[in-house]
Amino acid sequence: MSNQVNQAIKDVFNELAHTLESGQVGPSIKIGLTINGSELGFDVMREAAALAKAEGMFDVVLIGEKLDWTADYEHYEANDEAAVEETLDKLLSDGTIHGAVTLHHTFPIGVSTVGRVISPALGREMFIATTTGTTATVRAEAMVLNTINGIAVAKAKGIENPTVGIVNVDGANTVERALRQLQEKGYDITFGESARSDGGVVLRGNDLLLGSADVMVCDSLTGNILMKLFGSYTSGGTYETTGFGYGPGVGDGFDQIINIISRASGAPVIANALKFAYQMAKGKLPQVAKAEYAAAKKAGLADVREGLQPKASAVEEEIKAPAAEVVTASLSGIDVLDLEDAVKALWKEGIYAESGMGCSGPIVMVSEANEAKAQEVVKDAGFM
């Protein structure tokens with residue numbers, strides 16, 4: 001009993017000391033940092049930890065090799081990758097730390113990370129959803145889930161009503177249709193708008209530079225490339241200088257805060273990643289994500305996901321093109337992967353059509369006289 005009393009007294013004095021030092025009332029939030037494995041060496045980790053510690057908002061806990069400077073922090077020794085991972089999991093599970101920043105973590109299928117960058121044109125912060133991990137094995141399905149993850153992270157950061165844009169990659173239009181289905185059935189989502197004159201929720205390179213939406217939705221491979229470009233475009237790629245790292249892992253039922261950095265992340269990025277993890281812990285990201293997934297499920301997420309699964313292949317019907325005619329009207333909003341199928345759907349209805357690529361993406365071209373009917377056919381076939 002006396003040990004419990006002594007521990008309670010110690011905790012009270014620690015909280016009081018933390019309040020006096022930081023001005024924050026309540027127990028301190030502890031964020032772990034694994035220090036092994038950076039391509040830039042231990043010095044970059046030392047600098048990052050010192051930068052984060054100097055702000056005084058949270059406690060930095062180190063996990064990794066014992067070095068002359070690690071004695072300045074709460075430190076748990078681990079000398080190889082397996083030991084680091086094991087120690088990190090234990091400290092998160094028992095509540096010793098409330099979040100972590102690490103160079104490597106194996107997330108389960110269904111969990112991926114949401115990065116945070118600073119757009120170079122206007123200096124706006126934006127979230128890249130997602131940057132590593134696999135939310136689902138079907139690309140469009142993964143991007144729908146990535147949207148939910150991105151919204152959750154933005155809300156945990158304190159953005160009450162984040163805007164969402166979809167990066168113009170294969171499947172973007174399919175993802176937009178799926179998200180609008182969820183919106184129509186009650187899921188609260190606010191779409192952003194391209195800065196380009198033709199607008200729309202599908203965003204291009206200009207919009208990435210401008211930060212036209214709070215959350216930029218993409219597949220994780222594209223997101224990973226974007227993070228590297230935004231992080232190191234000023235350094236030639238060997239040292240990430242700006243941004244907040246590849247972000248926390250998020251997924252349905254995932255209840256830990258584990259932020260990822262890369263082996264090329266520099267001290268400013270690592271320090272920002274520690275701050276990002278602290279903000280996710282303070283903003284209760286797991287609870288926010290749980291609420292977002294509950295709302296999406298209520299709006300029919302299961303049906304939307306089912307509708308995005310690949311269709312069973314059938315014997316392809318031979319469809320011949322009608323007589324050619326001048327095509328000057330264009331139908332947009334069709335995924336490049338669906339382009340030829342959309343053309344054949346029109347041929348089947350006796351409408352001559354050709355596929356093409358406009359400045360904003362793939363298009364189907366038809367005659368002015370057939371434009372209205374063609375739009376109806378393509379929409380009914382599920383391509384728009």
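**Before the first stop**

Aspartate 94 is partly exposed, with a relative accessible area of 42%; buried means under 20%, exposed over 50% and partly exposed in between, using a 1.4 Å probe and protein chains only. This is a predicted model, in which local features need pLDDT of at least 70 and side-chain atom pairs count only at pLDDT 80 or more, while totals for chains, interfaces and linings use all residues. Residues are numbered from 1 along each chain as its sequence is written, and side-chain values use heavy atoms, with hydrogens and water left out.

**Stop 1: helix H3**

Lysine 90 is exposed, at a relative accessible area of 54%.

Now select residues 81–93, which make up H3. Helices (H or I, at least four residues) and strands (E, at least two) are DSSP runs, numbered from the N terminus. H3 has 13 residues and reaches 18 Å from first C-alpha to last, close to the 18 Å expected; the expected span is 1.5 Å times one less than the number of residues.

Which residues of H3 are buried? They are Val84, Glu85, Thr87, Leu88, Leu91 and Leu92. Viewed down the axis of H3, they fall within an arc of 165°, so they line one face of the helix; the arc is that of the directions from the helix axis to the C-beta atoms. The face turned away from that buried side carries the exposed residues Ala82, Glu86, Lys90 and Ser93.

Show the strands next. The buried residues of H3 pack against S1 (30–34), S2 (59–64), S3 (74–77), S4 (99–102) and S12 (258–260), where contact means heavy atoms within 4.5 Å.

Just after H3, glycine 95 takes a positive phi of about 80°.

**Stop 2: other salt bridges**

The count of salt bridges comes to twelve. Select arginine 180 and glutamate 176, whose side chains meet in one at 3.0 Å, N to O. Both residues lie in helix H5 (residues 172–184), four residues apart, about one turn of the helix. Arginine 180 is partly exposed at 30%, whereas glutamate 176 counts as buried at 17%.

Then select aspartate 252 and lysine 297, a salt bridge with its closest N and O atoms 2.8 Å apart. This pair links distant parts of the chain, 45 residues apart: aspartate 252 is in the loop between S11 (247–250) and S12, and lysine 297 is in helix H9 (residues 285–298).

**Stop 3: aromatic rings**

The whole structure holds five aromatic pairs. Rings of Phe, Tyr and Trp (its six-membered ring) pair if their centres lie within 6.5 Å; planes under 30 degrees apart count as stacked, over 60 as edge-to-face and the rest as tilted.

Select phenylalanine 127 and phenylalanine 276, a tilted pair at 6.3 Å centre to centre and 45° between the planes. Phenylalanine 127 is in strand S6 (residues 125–134) and phenylalanine 276 in helix H8 (residues 267–282), 149 residues apart. Phe127, Phe244 and Phe276 form one aromatic cluster.

Definitions and conventions: A salt bridge is a side-chain nitrogen of Lys or Arg within 4 Å of a carboxyl oxygen of Asp or Glu.
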